[in-house]
Amino acid sequence: PAGRRDEPGLLVRKPGSLSLIVDSGRFGYQASGVPPSGPMDEYSMGVANALAGNVRGEACIECLLGGMELIFERPCLFAISGASAPVFLDGRAAERNRTLRADAGSVLSLGMAEEGLRVYLAVNGGFRVPRVMGSRSTFLRGGFGGHNGRALLAGDRLPLAAAPDTKAARFERVAPASAIPSFKSELVLRAIASHESGRFSEEGLRRFFTEPYTISPNSDRMGCRLNGPAVGHGHGADIVSSGVQAGTVQVPGDGQPIILTADRQTTGGYTRIAQVIKADLALLGQARPGQSVRFIQVSAEEAIAALREREALLRSVAEAPPPLSASAAATMPLSATMPLSEPGPAAAAKRYRVTVNGEGFELYVEELA
């Protein structure tokens, strides 16, 4: 069992439709049939952890569609990212994608997601649940990991791993708008053609990489099923079962592609047509049933470049400056905040200590070339 009933932590009042403890996943056990599990949207989990002052793979809560309500039993820094569900802290609207602070007794409520599918909640220090095979991620079909190997239920108490980090408290952040993806439009997934693509007909390959599909309601954390134009096989749908990974696209005999995801099986016997690149798997984790999906064929070099771009965006979140309080922004004189340095690329940064309504702020201004 994870934690004592009387240990202060995070008390689940309403769990939502499916809420799990996930971290970056467990690795090294696929030979024994154990998948990595982990988050469906690794990027949003990384954003939430960065804003909460954690390493990106720290354990957090993945909540499907929102509808969750929690009580903080001790002070805590936290952050929420992913699907755009309304957030309320003690009955007042709160922002996603920024560091938030809860007091002991504070109530956090998530409304239903308006865009996207999964919400990620990270708390400073993470959750103190046991590691199983090196990971705190929940593996539902195996019944282990996370909080007692299952989805969260009303009345569960999640022990927090650390006392509030006063150092992290001084570096509260707001994620740059450029680092937050949109989940509104048609989903476009970049994919590398499989070494087995020659087992499909030319028409089947053309359809896969040019025509739209829709996300099936039968999708889950094991795989995302697609409905659309059937992909024809040239040499049959079945192969000798072999290794698969997150993003592998299999095509069974009915011609309807399946994209394998976090809780996938570790081997598969259906022909593989493509591999969705790692940089785009996070978008797939936010795709809703009925949403339109298209595939674009890219090279391995393009996949690597896309992953580097994603990593740069995550670094921009971790390095984001602290937010300016609303009271300070409204009352601070312009002359106090923006003294001009001499123009030119070599101008040095100027630093100031400004007090507004009794609250101190450290400021600096630097002239950029």
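Biologist: Where does Pro217 lie?

Modeller: In the loop between strand 13 (213-215) and strand 14 (223-227). Helices (H or I, at least four residues) and strands (E, at least two) are DSSP runs, numbered from the N terminus. This is a predicted model: local features need pLDDT of at least 70, side-chain atom pairs count only at pLDDT 80 or more, and totals for chains, interfaces and linings use all residues. Residues are numbered from 1 along each chain as its sequence is written, and side-chain values use heavy atoms, leaving out hydrogens and water.

Biologist: Is Pro217 buried or exposed?

Modeller: Pro217 is exposed, at 64% relative accessible area. The cut-offs are under 20% for buried and over 50% for exposed, with partly exposed in between (1.4 Å probe, protein chains only).

Biologist: Zoom out. How many helices and strands does the protein chain have?

Modeller: 7 helices and 21 strands. The chain has 369 residues, and 49% of them are buried. Take contacts (heavy atoms within 4.5 Å). Among those between residues at least 6 apart in sequence, 76% join residues at least 24 apart.

Biologist: Which residues touch the most other members of the largest nonpolar core?

Modeller: Leu10, Ile61, Phe78, Leu108, Leu121 and Phe127, out of 29 residues. Strands 1 (9-15), 3 (60-64), 4 (68-72), 5 (76-82), 6 (87-89), 8 (100-102), 9 (107-110) and 10 (118-123) each give this core two or more residues. A nonpolar core here is a set of buried Ala, Val, Leu, Ile, Met, Phe, Trp, Tyr and Cys residues joined through side-chain atoms within 4.5 Å.

Biologist: Take Leu108. What does it touch?

Modeller: Leaving out residues up to four places away in sequence, the partners of Leu108 include Met68, Leu70, Phe72, Phe78, Ile80 and Leu121. There is also a second, separate core of 22 residues, with Leu226, Ile273, Val276 and Leu284 among them.

Biologist: Aromatics next. How many pairs?

Modeller: The whole structure has 6 aromatic pairs. The rings of Phe208 and Phe209 have centres 4.9 Å apart and planes at 85°, so that pair is edge-to-face. Phe208 and Phe295 are stacked, at 4.2 Å centre to centre and 20° between the planes. For the cut-offs, rings of Phe, Tyr and Trp (its six-membered ring) pair if their centres lie within 6.5 Å; planes under 30 degrees apart are stacked, over 60 edge-to-face, the rest tilted.

Biologist: Which parts does the Phe208 and Phe295 pair tie together?

Modeller: Phe208 is in helix 3 (residues 202-210) and Phe295 in strand 19 (residues 292-297), so the pair ties together parts 87 residues apart in sequence. Phe208 is buried at 0% relative accessible area, and Phe295 is buried at 2%. Phe208, Phe209, Tyr213 and Phe295 make one aromatic cluster.

Biologist: What about Gln297? What does it touch?

Modeller: Ala191, Ala193 and Phe209, not counting residues up to four places away in sequence. Gln297 sits in strand 19.
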